[in-house]
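Please look through the structure below with the sequence beside it.

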Amino acid sequence: MAGFLGLFKDDSDEGTSELANDNIKLGVNYKRFSQPPIIGKNLLLRSNTVIYNDVVIGDNFKTGHNVVIREQTKIGDDVLIGTNTVVEGECTIGDGTSIQSNVYIPKNSIIESNVFIGPCACFTNDRYPVRVEYDLKGPQIRKGASIGANTTFLSNIEIGEGAIVAAGAVVTRTVPPYYLAIGTPAKIKPLPSSLRVPNML
């Protein structure tokens, strides 16, 4: 693992980094002249994590097992990405975000700070898959939003600041800030005042 030390922004004794010994791959070269990933201090990468070139990741980053992070993705500080999660290329993930296991995040997704995404959430970026030419657009999940388990999202959906998507919802349209999306297809309702509080991440 010593060969990876040059990839980190800070190799000093102030921070600790742990790389499990099982099949971690840092710096997948997806095109000519791509650059190795830049990763901050205090990271924990669990077995079978794969990180492509041209990725920038902040401090205190943690993965579960079997995580894939594709090229040209930017990830902030204090981010957790859970087991079996795939982050496709050209995504942005903000500070303090927690993404649980088995989540699919497609190309061209924006996830802001302090967002919680529950297990098995599936986002899409193609409204007419393999039928017509379509400008691929993933979700825009604004700061402080909470996404429940087993949720599904059509392409180019915005989840507003502080909004909540209930477990099992199928979201077909934008959810305004501090609203609740619930059901299949999801109905949009005002969020109760008791839930208009920050995520405790």
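Leaving aside its neighbours within four places in sequence, which residues is Ser98 in contact with? This is a predicted model, in which local features need pLDDT of at least 70 and side-chain atom pairs count only at pLDDT 80 or more, while totals for chains, interfaces and linings use all residues. Residues are numbered from 1 along each chain as its sequence is written, and side-chain values use heavy atoms, with hydrogens and water left out. With neighbours within four places set aside, Ser98 is in contact (heavy atoms within 4.5 Å) with Leu80, Val115, Phe116, Ile117 and Leu201.

Ser98 belongs to strand 13, residues 98–99. Strands here are DSSP runs of E of at least two residues, numbered from the N terminus. The relative accessible area of Ser98 is 11%, so Ser98 is buried; buried means under 20% relative accessible area, exposed over 50%, and partly exposed in between, with a 1.4 Å probe and protein chains only. The side chain of Ser98 also makes a polar contact with the side chain of Gln100, at 2.7 Å. A polar contact is a pair of N or O atoms within 3.5 Å; within protein, one must be able to donate a hydrogen and the other to accept it, and residues adjacent in sequence count only if both atoms are side-chain atoms.

One of the partners of Ser98 is Phe116, which lies in strand 16. Phe116 is partly exposed, at 26% relative accessibility. Apart from neighbours within four places in sequence, Phe116 is in contact with Ser98, Gln100, Ala145, Ser146, Ile147, Asn199 and Leu201.

A nonpolar core is a set of buried Ala, Val, Leu, Ile, Met, Phe, Trp, Tyr and Cys residues joined through side-chain atoms within 4.5 Å. The largest one has 38 residues, of which Ile69, Ile81, Ile117, Ile159 and Val171 touch the most other members. Not counting residues up to four places away in sequence, Ile69 touches Val50, Ile51, Tyr52, Val55, Ile57, Phe61, Ile75, Ile81 and Val87. In soluble globular proteins, nonpolar side chains tend to be buried together.

Next come the strand pairings. Two strands pair if DSSP finds at least two bridges between them. Seven strands form an open sheet in the order 3-6-9-12-15-18-21, with parallel pairing. Strand 3 (38–39) and strand 21 (158–159) are at the edges, each with a single partner strand, so one side of each has no neighbour in the sheet. Within this order, strand 9 (residues 74–75) and strand 12 (residues 92–93) pair in the parallel sense over two bridges, and Lys74 stands opposite Thr92 in strand 12.

Strand 24 has two pairings to look at. With strand 22 (residues 164–165), strand 24 pairs in the parallel sense over two bridges, and Val165 is opposite Ala181. With strand 25, strand 24 pairs in the antiparallel sense over four bridges; there the bridge partner of Ala181 is Ile188. Strands 24 and 25 form a hairpin with four residues between them, and Gly183 in the turn has a positive phi of about 105 degrees. Pro185 is in the loop between strand 24 (179–182) and strand 25 (187–190), and the peptide bond from Thr184 to Pro185 is cis, with omega near -10 degrees.

Positive phi also occurs at two asparagines. Asn48, with a phi of about 65 degrees, is in the loop between strand 4 (44–45) and strand 5 (50–52). Asn114, with a phi near 60 degrees, is in the loop between strand 15 (110–111) and strand 16 (116–117).

Finally, there are two aromatic pairs in the structure. Rings of Phe, Tyr and Trp (its six-membered ring) pair if their centres lie within 6.5 Å; planes under 30 degrees apart count as stacked, over 60 as edge-to-face and the rest as tilted. The ring centres of Phe123 and Phe153 are 4.5 Å apart and the planes are at 25 degrees, so this pair is stacked. Phe123 is in strand 17 (residues 122–123) and Phe153 in strand 20 (residues 152–153), so the pair ties together parts that are 30 residues apart in sequence. The rings of Tyr128 and Tyr134 have centres 5.8 Å apart and planes at 85 degrees, so that pair is edge-to-face.
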